[in-house]
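Subject: Structure handover and notes

Dear colleague,

Here is the structure that I promised to pass on, with my notes below it. Please read them with the sequence and the model open beside you.

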Amino acid sequence: MEPTSKHVVVIGAGIIGASAALRLAEDGHRVTLLEAEEPGGPHSPSFGNGTFLSPASIIPMSGPGLWRNVPGYLFDRTGPLTIRWRHLPRLAPWLVRFLLSGWTEARFRRTATALSTLLRDAPERHAEIAGRMGRPELIRRTGLIHAFIDRADMAKERLAWEVRRDLGVKMTELGADELHRHLPALSSDYTFAILVNEGAHCVDPGTYVAALADQARRLGATLRRSRATGFDIRDGVLLGVETQDGTIPCDAAVIACGCRSKPLARRAGDRVPMESERGYYVEVPAPAIDLSIPVMPQEGRMANVITAHGLRASGQVELASDDAAPDWRRSDILLRHLNRTWPGLKMDPEDPSLRRWQGNRPSTPDGKPVISPASGCQQIVHAFGHGHMGLAAGPMTAEIVAALVAGRTPPIEISPFAAARFKWRGRGTKRVSGGQPGRDLHPIRREA
Ligand SMILES: Cc1cc2nc3c(=O)[nH]c(=O)nc-3n(C[C@H](O)[C@H](O)[C@H](O)COP(=O)(O)OP(=O)(O)OC[C@H]3O[C@@H](n4cnc5c(N)ncnc54)[C@H](O)[C@@H]3O)c2cc1C
């Protein structure tokens with residue numbers, strides 16, 4: 001073992017934790033992957049996501065003028081985003097920060113720029129990792145299609161597409177003929193599309209995450225089945241990770257618990273305002289149609305993709321608490337859109353073969369993950385809060401985590417992802433840049 005080798009406990013075996021555990025094992029560290037459930041199991045969003053590995057997933061949910069849509073989110077039960085009334089008072093502070101984070105075009109662009117550094121080469125990285133594990137078939141580099149009714153429909157999101165282009169996402173416009181040549185089963189209502197040339201997808205995210213964890217074990221990592229409850233930190237030095245079954249002594253720890261990271265982050269010195277953006281899928285095991293390329297149809301805003309288990313429509317954003325009961329009407333909305341988008345499908349909502357799933361995206365109000373050393377203890381690394389693009393961002397996040405554990409310079413600028421950006425710097429405190437004291441809820445801005 002190298003002299004710099006450490007014992008690292010990675011807490012959580014979703015896409016982020018499993019990717020980090022593998023990368024750390026490759027670096028020669030002794031790794032304990034701590035997970036209470038099955039790695040990649042249906043309890044986690046790493047299982048039921050839309051499978052997109054897209055360099056175009058850099059657009060934050062919050063953009064200029066979004067506030068105008070809030071009444072719709074509260075009253076329209078069939079839209080792609082909804083807020084459950086009962087949870088509104090608790091969610092209000094997060095929502096205010098969420099709206100403010102995209103208030104101006106400059107903020108919107110800054111977030112997209114930061115996210116692009118995480119996602120730029122995500123498809124290559126995933127394909128390379130899957131190949132190294134001997135599972136190349138899990139990642140398909142077919143490109144990804146965003147389909148619109150017409151060009152005017154696309155122009156409603158002019159800023160988002162402009163920002164993608166400015167940040168180097170390679171895209172090709174497809175007219176009606178070309179679009180329907182790629183996707184003959186698509187409804188003729190769609191007459192225009194954008195092909196994200198370098199986009200890829202994972203045909204079975206749950207199996208992929210399990211394979212990452214298995215590969216880490218082949219390189220010497222241990223899977224420990226328990227739940228982390230805190231840290232043993234003395235005088236700022238980490239001695240171990242506390243679990244339901246005792247303390248695991250270690251030199252470093254990684255918090256990669258998705259939506260459940262908040263209490264552990266607090267114990268490591270950081271209050272992170274994270275909430276769940278709840279999502280759903282409906283899966284048709286033996287669809288009557290085929291798709292050679294995954295599609296995001298504008299109506300319904302859902303990822304439509306053939307996975308190893310059938311045709312999956314994955315999407316919806318529901319703001320409610322983490323553990324609220326699923327509202328299966330939301331997966332029925334996805335099925336209605338699916339039937340409209342693919343007229344040959346004709347799927348009966350009562351069909352017993354349909355599979356429905358609900359899971360929680362770990363979302364910060366500013367749309368960026370938290371990837372940084374913890375404020376209370378530099379040996380603890382945060383790696384959570386990836387919202388809508390955690391599957392795609394797994395490999396780059398793992399590279400950053402490995403660099404922070406080893407004391408190397410991370411491969412990209414990580415200041416936009418610092419947990420410290422959420423620290424309240426009240427009246428009279430010195431601001432890093434911009435904003436008005438006591439008014440700006442995002443006072444610490446270190447983005448370029
Ligand atoms: C409907 C939907 C569609 C999506 N589509 C896409 C997409 O197309 N592309 C994309 O890139 N992203 C997509 N996402 C987002 C992506 O799935 C998430 O960002 C990602 O899965 C988060 O991974 P994670 O490893 O951080 O968290 P998780 O997958 O939640 O993993 C965290 C793990 O930590 C474990 N854990 C929690 N607490 C503890 C503890 N105390 N001790 C031990 N273990 C613990 C949990 O059991 C879990 O296994 C989508 C999400 C949803 C819901």
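Helices (H or I, at least four residues) and strands (E, at least two) are taken here as DSSP runs, numbered from the N terminus. The model is a predicted one, in which local features need pLDDT of at least 70 and side-chain atom pairs count only at pLDDT 80 or more, while totals for chains, interfaces and linings use all residues. Residues are numbered from 1 along each chain as its sequence is written, and side-chain values use heavy atoms, with hydrogens and water left out.

I begin with two backbone details. K346, in the loop between α12 (329–341) and β19 (355–363), has a phi near 45°, a positive value in a residue other than glycine. K346 is exposed, with a relative accessible area of 68%, where exposed means over 50%, buried under 20% and partly exposed in between (1.4 Å probe, protein chains only). Q316 also has a positive phi although not a glycine, in this case near 75°, but Q316 belongs to strand β18 (residues 310–319) and, at 2% relative accessibility, counts as buried.

As for the record, UniProt (unreviewed entry) places the feature "domain: FAD dependent oxidoreductase" at residues 7–404; its positions are given in the numbering used here, feature names are shortened, and annotations may be inferred rather than shown by experiment. Over residues 7–404 the chain is 33% helix and 28% strand, with the end C-alpha atoms 14 Å apart.

Turning to the interior, a nonpolar core is a set of buried Ala, Val, Leu, Ile, Met, Phe, Trp, Tyr and Cys residues joined through side-chain atoms within 4.5 Å. The largest such core has 72 residues, among which V10, L24, L118, Y208, L212, V254 and V401 touch the most other members. Helix α13 (residues 390–406) supplies the largest share of this core, nine residues. Beyond its neighbours within four places in sequence, L24 is in contact (heavy atoms within 4.5 Å) with V8, V10, H29, V31, V254, V401, A402 and V405. A second, separate core of 26 residues includes L179, L183, V282 and L334.

Finally, helix α1 (residues 15–26) and helix α10 (residues 205–218) pack at an angle of about 25°, with their axes 8 Å apart; axes are lines fitted to C-alpha atoms, for helices over the stretch in contact, and angles run from 0 to 180 degrees between N-to-C directions. The two helices, α1 and α10, are therefore roughly parallel to each other, a label for angles under 35 degrees, with over 145 counting as roughly antiparallel, 65 to 115 as roughly perpendicular and the rest as oblique. Residues making the contact include L22 and A25 of α1 and Y208 and L212 of α10.

Best wishes
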